[in-house]
Amino acid sequence: MKTNNKTYHMSILALFIAIVIVQNFVPLFGYIPVGPLSITTIHITVIVAALVLGWKDGAFVGGVWGLITFIRAFVSPTSPIAPIVFTNPIVSIVPRILIGIVTAVVFYFIYKWWKNKTLAMVIASVLGSLVNTVLVLGLIYLLYHGQAANFYKVDMGQLLPYIMGLVVTNGVPEMILAGVVAPLIAAPLQKLVRKN
Amino acid sequence: MNKLILGRYIAGDSLIHRLDPRAKLVLSFYFVGIIFMANNWQSFSMLLIFTLGCILASKISLSFFLKGVRPLIWLIIFTVALQMLFSSGGQMYWHWGIFKISEFGVTNGLYIFCRFILIIFMSTLLTLSTAPLQLADAIESLLKPLKAIKFPVYEIALMLSIALRFVPTLMDETAKIMNAQRARGVNFGQGSLIKQMQSIIPLLIPLFVSSFNRAEDLAIAMESRGYQGGEGRTKYRVLKWQTTDTMAFVLFAVVTVALVYLKN
């Protein structure tokens, strides 16, 4: 049956939001605990949304994830650094929105030039994940470098290198995960979703 | 699966339950904001008494709130310890390398602990006494002014309601897929990092495919019931602003004034 594209689009986005919420609250699903680290898989959902539905929807799903991260940093933080850094909406929301935008734009251009869908998806996913890590790192450095007051008034000067180290050790496996998993999921879904 | 924050709603008919969800949402955020003004033991004990009063008024047993703190207790202790060991100032009690325990660090650590507890209690109170769909309605109502700048308020609110509606469904589905893959020999949460990363793939692909199919069914169901966008849609649950809601705002204003008076 033919349905109105707008209604279909809305319900798809709603289910992506639901997946992000579920990933946030089901253990072993949204976060893989590896020793003291916990590697997220939620960026995969954002990247898949960007690859399948386009940059606007990718940015939207990313924004929802960012908003949940922001709220959780206050009420139920996922890691010890969350209450220190993610209580700043610039650090928690902006990088996540950019995952969606960067992934979709990179995919669009690489696919246009090289006509190789798999390659385009892998590069776009890796870059999308990288944008998140680099931006979170960069923003933490920029905002807290000069001993600026943060939410919990923790002394940042000595902590900064540790926090940066944590973000980098999380970022590398997350990038590999995105590059491998996101294209595998997005490829069949691109066939499933109808083109506007 | 009942341990998550959303959907932990406990039905009841207390003063807090009957408050307008818009008032509860705004006041909870406001409370988190003013907690950061407190900076001495008088102001913290005042806020703690106020929070306990709110919990009493909700007629929900305190054990639910303590359960909300339990999964976070290590994280709170870690943050407090971090604060104690790394901040300096005041009288020095203990010193070893870069670690030091000072008067300033200890008091700050205690304040951070109080802040955590207060925020967790207040947000737990919000989610325990307000159904998720009520919260979605409240968000829609609060976002309405944004329609002036062409922000798609109805669409966002409807998507939020659909998403909240499908969270339990998707959780059941995730559990089903996990069990199905376990039966095929996948080990979740064990093994090396690569093994764990591999185990995510057979979990995510079925979930995404079934979500896309669900979205298609949902769109057909909505259209066959005549859904045509948000304009002119009437509501089944209508939010009503009552005197008690205004009183709640007045109460919070009094608390704010007291806080400003008590803090340093």
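This is a predicted model: local features need pLDDT of at least 70, side-chain atom pairs count only at pLDDT 80 or more; totals for chains, interfaces and linings use all residues.
Let's start with the interface. On one side, 61 residues of chain A make contact, and they meet 62 residues of chain B. Putting the two chains together buries about 5,600 Å². Carbon and sulfur atoms give 82% of that area.

What about charged pairs? Over all chains, the count is 6 salt bridges. Which chains does the pair A:Lys6 and B:Glu155 join? A:Lys6 sits in helix 1 of chain A and B:Glu155 sits in helix 8 of chain B, residues 153-183, so this pair links two chains. The interface of chain A and chain B has 1 salt bridge. In the bridge between A:Lys6 and B:Glu155, the closest N and O atoms are 3.1 Å apart.

Now, which parts of chain A touch chain B? Several elements each supply at least two residues, including helix 1 (5-25), strand 1 (31-34) and helix 8 (156-192) of chain A. Helix 1 of chain A gives the largest share, 17 residues. By class, the side of chain A that touches chain B has 46 nonpolar, 11 polar and 4 charged residues.

On to the helices inside chain B. Two packed helices are described by the angle between their axes and the distance between the axes.

Take helix 2 (residues 21-35) and helix 10 (residues 243-262) of chain B. Their axes are 11 Å apart, at an angle of about 5 degrees. Anything under 35 degrees counts as roughly parallel, and therefore helix 2 and helix 10 of chain B are roughly parallel to each other. Helix 2 of chain B brings residues such as B:Tyr30 and B:Phe31 to the contact, and helix 10 of chain B brings B:Phe249 and B:Phe252, among others. The contact has 11 nonpolar, 1 polar and 1 charged residues.

Second pair. Helix 7 (residues 132-143) of chain B packs on helix 8 of chain B at about 170 degrees, with axes 9 Å apart. Parallel or antiparallel? The angle makes helix 7 of chain B roughly antiparallel to helix 8 of chain B. Among the residues that meet are B:Leu133 and B:Ile139 from helix 7 of chain B, and B:Tyr154 and B:Leu160 from helix 8 of chain B. That contact divides into 10 nonpolar, 1 polar and 1 charged residues.

Definitions and conventions:
Residues are numbered from 1 along each chain as its sequence is written. Chains are lettered from A and ligands numbered from 1 in the order in which they are written. Side-chain values use heavy atoms; hydrogens and water are left out. Contact means heavy atoms within 4.5 Å. Buried area is the accessible area (1.4 Å probe) that two parts lose on being put together, summed over both. A salt bridge is a side-chain nitrogen of Lys or Arg within 4 Å of a carboxyl oxygen of Asp or Glu. Helices (H or I, at least four residues) and strands (E, at least two) are DSSP runs, numbered from the N terminus. Ala, Val, Leu, Ile, Met, Phe, Trp, Tyr, Cys and Pro count as nonpolar, Asp, Glu, Lys and Arg as charged, and the others, Gly among them, as polar. Axes are lines fitted to C-alpha atoms, for helices over the stretch in contact, and angles run from 0 to 180 degrees between N-to-C directions. Angles under 35 degrees count as roughly parallel, over 145 as roughly antiparallel, 65 to 115 as roughly perpendicular and the rest as oblique.
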